[in-house]
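Thanks for making time this morning.

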Amino acid sequence: MSVHANAPAAVIVLAAGAGTRMKSAKPKILHEIGGRSMVGHALAAAEGIEPQKLVAVVRFERERVVEHLLQIKPDVVIADQDEIPGTGRAVQQGLEQLDPEIEGTIVVTYGDVPLLTSGLLAELVATHDSDGNAVTVLTALLDDATGYGRILRAEDGTVTGIREHKDASDDERAIREVNSGIYAFDAQVLRSALAEVTTENAQGEMYLTDVLGIARSTGGRVAAVVTEDAWQVEGANDRVQLAALGKEMNRRILEKWMRAGVSIIDPDSTWIDVEVALSNDVTIKPGTQLHGTTAIGTDAVIGPDTTLTSTQVGQGAKIVRSDVTDSIIAEGATVGPFAYLRAKTNLGPDAKIGAFYETKNIVVGRGSKLSHLGYSGDTEIGEYTNIGCGNITANYDGVNKHRTVIGSHVRTASNTVFVAPVTIGDGAYTGAGAVVRKNVPAGALALSVAPQRTTEGWTISKRPGSAAAEAAFKSALDSGVNPGSADQVK
């Protein structure tokens with residue numbers, strides 16, 4: 001049972017168009033801004049007013065669109081638009097998926113108006129219900145209304161009709177109030193009026209706007225709710241408009257977070273998706289992008305030049321010039337600069353993954369450090385362990401991935417390679433350049449020692465004429481050592 005005071009009987013989202021002006025193999029409504037498809041934004045706005053039923057009318061790339069819709073909202077009702085063109089026919093086929101005796105308010109909206117909010121839809125429904133309207137149209141005031149249908153009103157303020165721009169007189173074209181195409185209808189009025197709508201017009205389409213005249217002719221009241229926030233009813237027909245809507249959405253998201261206590265140093269270079277969650281006193285530095293379901297704790301500092309995707313960041317953590325995906329960065333931990341943390345990296349409290357490090361599917365315990373120039377994959381590291389410069393976990397044998405387990409308080413020297421599967425016990429050490437192929441017990445030292453062989457005069461002999469040979473010859477002379485024949489240098 002819905003708890004919304006003005007919950008409509010249904011919302012019908014029109015999502016059947018091809019969007020050819022996008023010039024894309026992808027259906028227009030699947031293009032994304034703010035980390036969500038345009039139709040995803042439409043469904044979220046509709047869900048916010050808690051309709052008893054949510055219907056999506058589809059046609060172009062049906063299977064692809066339906067798969068996406070069901071992924072977003074599994075209980076959405078799918079309606080298929082047939083060969084008869086027009087928004088009126090689309091709504092009629094949406095109605096066919098509902099109880100023919102349905103009563104109450106039916107809201108009609110579109111899959112390509114991503115900035116439309118639940119709040120504005122709720123205002124439309126509340127006005128429609130309280131005034132007892134047959135039809136309530138959502139309108140907007142534009143400084144330049146070229147191309148839009150103008151709202152015609154009677155002296156009492158009710159809507160008498162909608163005049164398309166091409167059919168409007170000069171006086172009508174001076175009207176700033178335009179039709180958004182978003183409506184609240186009385187369910188029975190809508191159903192009966194659509195039965196009278198024909199395709200006998202220049203375009204051969206069933207126009208939804210015809211319902212207004214039919215409703216008015218039978219004594220129904222037709223009114224409007226005006227929004228001065230025209231962005232909310234702005235659609236995206238091409239990529240230029242999509243980019244403009246994306247920029248405006250991002251501006252609104254950033255403003256919301258700044259007013260909630262987040263410091264965003266350079267809003268012009270910062271992008272945050274709609275599902276990101278930020279705590280107060282987070283600092284976002286320039287060039288940062290926060291995507292997906294990223295959530296960031298109090299006093300964390302992110303950036304500059306950092307991208308986080310669906311990553312959880314704890315209180316007071318710091319991430320600089322890094323790319324992190326599907327990972328957990330605990331409180332007080334530090335990442336970067338120039339780190340690449342792939343999926344399932346779990347960095348513990350006060351731990352560190354430093355410069356030029358790549359990780360994947362690893363767990364790092366409290367206070368442990370992977371400071372620079374290495375790779376760790378499929379690895380578990382205990383607490384307060386220090387992984388030296390240039391360390392690598394060789395986790396893939398060409399067929400299967402294997403796991404490396406490194407204990408607590410371990411110290412690994414530079415250029416150690418762990419050939420998985422292998423386990424390093426607590427408090428163990430490795431020597432520089434070690435290749436660890438066998439388990440190392442707790443407290444042991446693992447070395448890979450080979451005798452150093454030095455061949456005197458090799459450069460002069462084997463690289464004659466090179467700058468290196470000339471330098472070696474000169475150095476030998478300066479040191480009073482016989483460098484061999486000068487002919488070897490030439």
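Let me begin with what pairing means here: two strands pair if DSSP finds at least two bridges between them. Helices (H or I, at least four residues) and strands (E, at least two) are themselves DSSP runs, numbered from the N terminus. With that in place, strand β7 (residues 135-141) is joined to β11 by 6 bridges, and the two run parallel; within that pairing, Leu-138 stands opposite Val-225 in β11.

Before going further, please keep in mind that this is a predicted model, in which local features need pLDDT of at least 70 and side-chain atom pairs count only at pLDDT 80 or more, while totals for chains, interfaces and linings use all residues. Residues are numbered from 1 along each chain as its sequence is written, and side-chain values use heavy atoms, with hydrogens and water left out.

As for its neighbours, β6 pairs with strand β1 (residues 10-15) in the parallel sense over 5 bridges, where Leu-14 has Tyr-110 of β6 as its bridge partner. Strand β10 (residues 177-186) is joined to β6 by 4 bridges and runs antiparallel to it, with Val-108 standing opposite Tyr-183 in β10.

What lies over helix α3 (residues 87-95)? The cover of its buried residues includes β1, β4 (53-58), β5 (77-80), β6 and α6 (187-194), where a contact means heavy atoms within 4.5 Å. Because 8 of its 9 residues are buried, α3 is largely enclosed by the rest of the structure; among the buried residues are Arg-89, Gln-92 and Gln-93.

Next, Asp-238, which is found in the loop between β11 (222-227) and α8 (239-259) and counts as partly exposed at 23% relative accessibility. Its side chain reaches the backbone nitrogen of Gln-241 at 2.8 Å, and a polar atom of that Asp-238 side chain lies 3.1 Å from the backbone nitrogen of Val-240. A polar contact, for the record, is a pair of N or O atoms within 3.5 Å; within protein, one must be able to donate a hydrogen and the other to accept it, and residues adjacent in sequence count only if both atoms are side-chain atoms. Leaving aside residues up to four places away in sequence, Asp-238 touches Arg-21 and Met-22. Asp-238 and Thr-20 are 218 residues apart in sequence, yet 8.2 Å apart in space, C-alpha to C-alpha.

Now to the annotated positions. An unreviewed UniProt entry lists Asn-395, Tyr-396, Ser-414 and Ala-432 under "binding site"; UniProt positions are given in the numbering used here, feature names are shortened, and annotations may be inferred rather than shown by experiment. Are Asn-395 and Ala-432 buried or exposed? Asn-395, in the loop between β30 (392-394) and β31 (404-406), counts as buried at 6% relative accessibility. Ala-432, in the loop between β35 (429-430) and β36 (435-436), is exposed, with a relative accessible area of 61%.

Not counting residues up to four places away in sequence, Asn-395 has contacts that include Lys-360, Tyr-375 and Asp-378, while Ala-432 touches Ala-413 and Ser-414. Lys-360 is placed in strand β27 and is buried, with a relative accessible area of 12%. The charged end of Lys-401 sits over the ring of Tyr-396, 5.6 Å from its centre; the criterion is NZ of Lys or CZ of Arg within 6 Å of the ring centre and within 35 degrees of the ring normal.

Methods
Buried < 20%, exposed > 50% of the residue type's maximum accessible area, 1.4 Å probe, protein only.
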